[in-house]
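This report describes a sheet and a pair of packed helices. Look at the sequence and the model first.

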Amino acid sequence: MAYRLLWADDEIELLSPHIIFLQGKGYEVTKVTNGPDAIEACRNEAFDLILLDENMPGLTGLETLTRIKELHPATPVVMVTKSEEEDIMEQAIGSKIADYLIKPVNPHQILLVLKKNIHSKEIVAEKANTAYQQNFGRLSMQISDARSIEEWQEVYKKIVYWELELENADMQMREMLKSQKAEANSMFGRFVRQNYMEWMSSPREERPLMSNDIFRDRLFPLLDNGEKVFFVIIDNFRYDQWRVLAQEIGSDFNIEEELYTSILPTATQYARNAIFSGLMPKQIKEMFPALWVDEEDEEGKNLNEEELIATQISRYRRKDTFSYAKVLTSSAAEKYMDTLNSLARNDINVLVINFIDMLSHARTESLMVRELAANEAAYRSITLSWLRHSAIKRLFRYLADNRYTVVITTDHGSIQVDSPTKVIGDKNTNTNLRYKLGKALNYSGKDVFEIKEPAKAFLPAPNLSTSYIFATGSNFFAYPNNYNYYVQYYKDTFQHGGISMEEMLVPLIRLRPKGL
């Protein structure tokens, strides 16, 4: 494929050696000597890049640039100028030039500009392809050798790194990584099955940091240090989504990140209530029965979060003052922004943001949303777009300006499911696709992690014969009745509740304003 360039310069004939050099490199170059001809050329055809002399007689380079951008806003324009005056450069940059060159230019400078502005994605993708191929064996070894939660966290971080690096790579590389990730999730599921019940019986120092530890181990020490803390819980938020958001808010903060392990089920009712109460679900039900809602109850499962925070602060005999709010819509986020000054008197402010969870559910139910978030990369892209265009971006800027320490986390992540596994239960069995609890569940044992004694996992049991089962990998539970319809409807949707790196290894981020 020959790339098409437009070069506008009133001394274009003097640039013939440069143009011959570019043509020898395979570029097609259209030459014009003034601004109006450059604009007319842009009306008649599309170019991959435009080289534009700043100091042409008649219509200046800056005026020509404005007109060209009206016609082709996405086409990169490189300003070529004899002047390095600050005012001219500011005007050019403000008009969104892609780059600039100072005369006299040499062919290799031009070639570097072309590589940067036309070929950068190809070059980056090619380098990423090569780097991933070189690291494929090393990552496979890392997956095979993982024996601790810390080693699995490093595996997951590395997989996410390559997912982001290979977004623009060829399909073959992305499929290789997808297979490697599936293998890792299979082995991670085996690791959790072997260790989860032991974690439940171990003292805090001998098990991973989990949902019920967050306040005690990560938030209370900040308060004891005299820091003003803002605790942001983004429901259903994954580590890969955090990595793309970090690029947006990182300029205002110094970032410390870690992963912690969500309890099972990786569902809001269990995991988020554990965060706010500092207790496991069974303990909440026993100690604060009025604040726990069973699966079969129709009322909302997270209506008592503010009260649970209060019980935890009280249980540790602390006097911290706090606020709690939940934001479901953009208008609610705008209203919340209006309250920020009044929140400064609190020791800790807690904010739950539900956008990503709502997006996940909307993607299941809406064909249009499913098209917009067709794959993991698109799902991340929508998350980034949401941050950029919501009040939440302004919230983080406000928190940086007002010297808050911000802790961002989630209750659980989600996984894109693709493999149905049959389960049979009675009419009281819950509807979640990644975990089930009930009496006399019938299922294939090889596809699930089963907990037949819920009390040992600190899970409530509505009946003496209640058991829990959890899907692993990218499996999801489907009933035999209407099986084909059920599978078709839910295949490739994002679900949570079960066991996967995406659901259980979730971000816990501390942001401190730069300069603190």
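Axes are lines fitted to C-alpha atoms, for helices over the stretch in contact, and angles run from 0 to 180 degrees between N-to-C directions. Helices (H or I, at least four residues) and strands (E, at least two) are DSSP runs, numbered from the N terminus. The model is predicted: local features need pLDDT of at least 70, side-chain atom pairs count only at pLDDT 80 or more, and totals for chains, interfaces and linings use all residues. Residues are numbered from 1 along each chain as its sequence is written, and side-chain values use heavy atoms, with hydrogens and water left out.

Helix 1 (residues 16-24) packs against helix 5 (residues 107-117) at an angle of about 45°, and their axes lie 10 Å apart. Helix 1 is therefore oblique to helix 5 (angles under 35 degrees count as roughly parallel, over 145 as roughly antiparallel, 65 to 115 as roughly perpendicular and the rest as oblique). Contact means heavy atoms within 4.5 Å. The residues that make this contact are listed by helix.

| Helix | Residues in the contact |
|---|---|
| Helix 1 | His18, Phe21 and Leu22 |
| Helix 5 | Pro107, His108, Ile110, Leu111 and Leu114 |

Now the sheet. Two strands pair if DSSP finds at least two bridges between them. Three strands form an open sheet in the order 13-16-15, with antiparallel pairing. Strand 13 (435-438) and strand 15 (448-451) are the edge strands, each pairing on one side only. Strand 13 pairs with strand 16 (residues 467-471) in the antiparallel sense over four bridges. Tyrosine 435 has phenylalanine 470 in strand 16 as its bridge partner.
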